[in-house]
Amino acid sequence: MRIDILTIFPEMFTGVFSESIIKRAIDQGLVEINLYNFRDYSLDPHHKVDDTPYGGGNGMVLMCQPIFDCINAIKTEESYVVMLTPDGVPYQQSFAYELSKKKHLILLCGHYEGFDERIRSLVDFEVSIGDYILTGGELASMVLADSIIRLVPGVIQEESHLQESFNDHLLDYPSYTKPANFRGLEVPEVLISGDHEKIRAYREEQRLKRTKERRPDLLQK
Ligand code: 6GU
């Protein structure tokens, strides 16, 4: 899979993509990530990428030309263009699965007050990562890239994501590791019992209990 990220702050991404599972996925050639600074595509003598809004109002608006020219330069038949914007569709695990099947993703990060509305004509899907405002789409695109890359076949063991939260609308069960008694804090008996059927039932019950307590909204699904 190839992921191209369009941003005026490419340096923000260096740490995130040079550690841990994402780094290994890149090193193994399972995913290729390219950063494009769309400021480089600006035809303005001062490499301007934004301007004041028609009709007045606060802030600056990302203008069409640099983003149109950058996307048109990298887009192919196989590209799927995602815009990161607080007014997009709320992101969820099922989108991560869908997006992990694409051959080429283009993630477009905004800044300032927003995008010139005509830029949306280049976009296949608009995503928000939650009901709060970030200074830009960069952190949101890192969230998408991370959640998508870990689902690309070969990046992590398949079994680890088949069982995880949100696939069946339940939160995870509580986990423990050695020692069985840490400074008086005990591991539930059942987990040390060796009775696999009892353990399975205990975990299932815990998942339901947790979801009821913390995320009753998930049970509605
Ligand atoms: Cl995708 N962008 C910005 N700027 N803020 C957000 C967001 C995206 N998702 C939630 N807040």
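**Cysteines, cores, strands and domains**

Reader: Why does C70 count as buried?

Author: The relative accessibility of C70 is 0%. Buried means under 20% relative accessible area, exposed means over 50%, and partly exposed lies in between, for a 1.4 Å probe and protein chains only; C70 is therefore buried. This is a predicted model, in which local features need pLDDT of at least 70 and side-chain atom pairs count only at pLDDT 80 or more, while totals for chains, interfaces and linings use all residues. Residues are numbered from 1 along each chain as its sequence is written, and side-chain values use heavy atoms, with hydrogens and water left out.

Reader: How do you know how many disulfides there are?

Author: A disulfide is a pair of cysteine sulfur atoms within 2.5 Å, and by this rule the count is zero. C70 takes part in none, its nearest cysteine sulfur being that of C109 at 11 Å. From the side of C109, the closest cysteine sulfur is in C70, and 11 Å is too far for a bond.

Reader: Is C109 buried or exposed, and what makes it so?

Author: C109 has a relative accessible area of 2%, so C109 is buried.

Reader: What makes D69 partly exposed?

Author: D69 is at 33% relative accessibility, and therefore counts as partly exposed. D69 belongs to helix α3, residues 64–74; helices (H or I, at least four residues) and strands (E, at least two) are DSSP runs numbered from the N terminus. Apart from residues up to four places away in sequence, D69 touches Y41 and L43, where contact means heavy atoms within 4.5 Å. H46 lies 23 residues from D69 in sequence and 16 Å away in space, C-alpha to C-alpha.

Reader: Which residues touch the most other members of the largest nonpolar core, and what makes a set of residues such a core?

Author: A nonpolar core is a set of buried Ala, Val, Leu, Ile, Met, Phe, Trp, Tyr and Cys residues joined through side-chain atoms within 4.5 Å. The largest has 30 residues, of which I5, Y91, L99, L144 and I149 touch the most other members. Among the elements giving two or more residues to this core are β1 (2–6), β5 (79–90) and α5 (138–149). The largest share, six residues, is from α5. A second, separate core has 19 residues, including I67, I71, V81 and I119. With residues up to four places away in sequence left aside, I5 has contacts that include F13, F17, L107 and C109.

Reader: Why are β3 and β7 called edge strands?

Author: The open sheet of three strands runs in the order β3-β4-β7, with mixed pairing. Both β3 (50–51) and β7 (114–115) pair on one side only, and these are the edge strands. Two strands pair if DSSP finds at least two bridges between them; β4 (residues 61–62) and β7 have two bridges, in the parallel sense. The partner of L62 in β7 is F115.

Reader: What makes D217 partly exposed, and with which side chain does D217 make a polar contact?

Author: D217 has 39% relative accessibility, so D217 counts as partly exposed. Its side chain makes a polar contact with that of R215 at 2.8 Å. A polar contact is a pair of N or O atoms within 3.5 Å; within protein, one must be able to donate a hydrogen and the other to accept it, and residues adjacent in sequence count only if both atoms are side-chain atoms. D217 is in helix α9, residues 216–219.

Reader: How far apart are the centres of domain 1 and domain 2?

Author: Over C-alpha atoms, the centres are 37 Å apart. Domain 1 covers 2–158 and domain 2 covers 165–219, with bounds from an automatic or database domain assignment.
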